[in-house]
Amino acid sequence: MVEIFNTRKDLLQRRAEIQTSTGFVPTMGNLHDGHLSLLEKALNEHETVFFSIFVNPKQFGPNEDFSRYPRTFEADVEKLQSVAKKFPNKKVILFTPRAETEIFPHEENQMISVHKLSTELEGKIRPGHFDGVATVVYRLFELIRPQTAYFGLKDYQQYMVIKQMVKDLVLPIKIQGMPIIRETSGLALSSRNQYLSPEQKKASLLLFETLSELKEILKNQKSEIPKVQKKIDEKLQDKDWDYLEMRDSETFSRELSKSKNISFLAVYRMGTTRLLDNMQVEVE
Ligand code: AMP
């Protein structure tokens with residue numbers, strides 16, 4: 001059984017009763033197998049797992065899809081129940097705030113901002129996005145105080161921002177990155193995929209195929225970096241790329257001479273839908 005809490009007061013009361021090890025999975029709901037893979041991992045590692053569903057207004061820009069972001073609470077709870085059933089001796093506690101004020105009780109003067117990392121790539125295109133993410137995740141960490149929090153590598157830059165926040169604020173929380181779950185076609189699962197028409201869905205495979213192609217060229221061969229960069233420059237002739245970049249996976253630097261692992265990070269626009277994906281490759 002999944003326990004459900006809607007207010008910070010009730011959640012804090014329940015949290016105070018829990019003495020066992022605790023994992024945490026923050027989400028915006030409209031759950032798919034990517035989200036559920038985080039829950040399963042957390043349940044494998046902890047006695048109690050907190051799971052949050054909150055469409056965080058602070059991470060959406062004024063012209064983004066906050067109001068039409070898919071909200072499918074009942075189906076989400078069913079999916080959580082079916083995973084929870086596989087772990088009969090563990091606790092799954094869902095926090096789904098009934099109002100924004102349960103997380104942001106007043107118009108605060110302070111946001112958490114992880115400099116530099118937050119203003120590049122996705123952050124450059126969506127100013128303030130990562131401040132909104134870091135702030136809500138910090139608030140949730142403060143309420144739930146987990147030992148481990150689970151994040152999908154699908155949102156690689158977000159994972160990096162959260163890791164940096166935890167390091168900078170010296171929070172006693174382990175951040176666990178989890179592999180991207182994909183459709184058999186290769187398309188990374190995302191709540192936003194449902195905005196795509198069947199034709200767009202087919203066409204969107206270009207994103208996965210491009211990342212795979214770049215990864216294949218670079219595989220184990222640092223000397224191929226210039227060739228890969230040339231290929232990227234050719235691809236960027238297509239103006240539907242918001243970005244397609246090669247970065248050091250640890251430092252996010254463009255300087256790759258000392259890199260052991262390199263990330264390809266991309267957003268491809270399909271109509272009004274932005275498809276976000278990335279791949280990592282070892283280069284030693
Ligand atoms: P969201 O609800 O989109 O904010 O995502 C909540 C968490 O699920 C984040 O840590 C995401 O990175 C993760 N996630 C989303 N899609 C996937 C996926 N396809 N595979 C693995 N994790 C994912």
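**A tour from the sheet to the ligand**

Begin by selecting Ala266, whose bridge partner in strand 9 is Asp277; strands here are DSSP runs (E, at least two residues) and helices likewise (H or I, at least four), numbered from the N terminus. This is a predicted model, in which local features need pLDDT of at least 70 and side-chain atom pairs count only at pLDDT 80 or more, while totals for chains, interfaces and linings use all residues. Residues are numbered from 1 along each chain as its sequence is written, and side-chain values use heavy atoms, with hydrogens and water left out.

Now select residues 261-270, strand 8, which ten bridges join to strand 9 in an antiparallel arrangement.

Next, turn to the ligand and select Met28, Gly152, Asp155, Ile181 and Leu189, which come nearest among the 17 residues around the ligand (a residue is near if one of its heavy atoms lies within 4 Å). In the side chain of Asp155, an N or O atom is 2.6 Å from an oxygen atom of the ligand, whereas a backbone N or O atom of Ile181 lies 2.8 Å from a ligand nitrogen atom; a polar contact is a pair of N or O atoms within 3.5 Å.

Finally, select helix 2, which gives the shell around the ligand its largest share, three residues.

Methods. Polar contact = N/O pair within 3.5 Å; in protein donor to acceptor, adjacent residues only side chain to side chain. Pairing = 2+ DSSP bridges.
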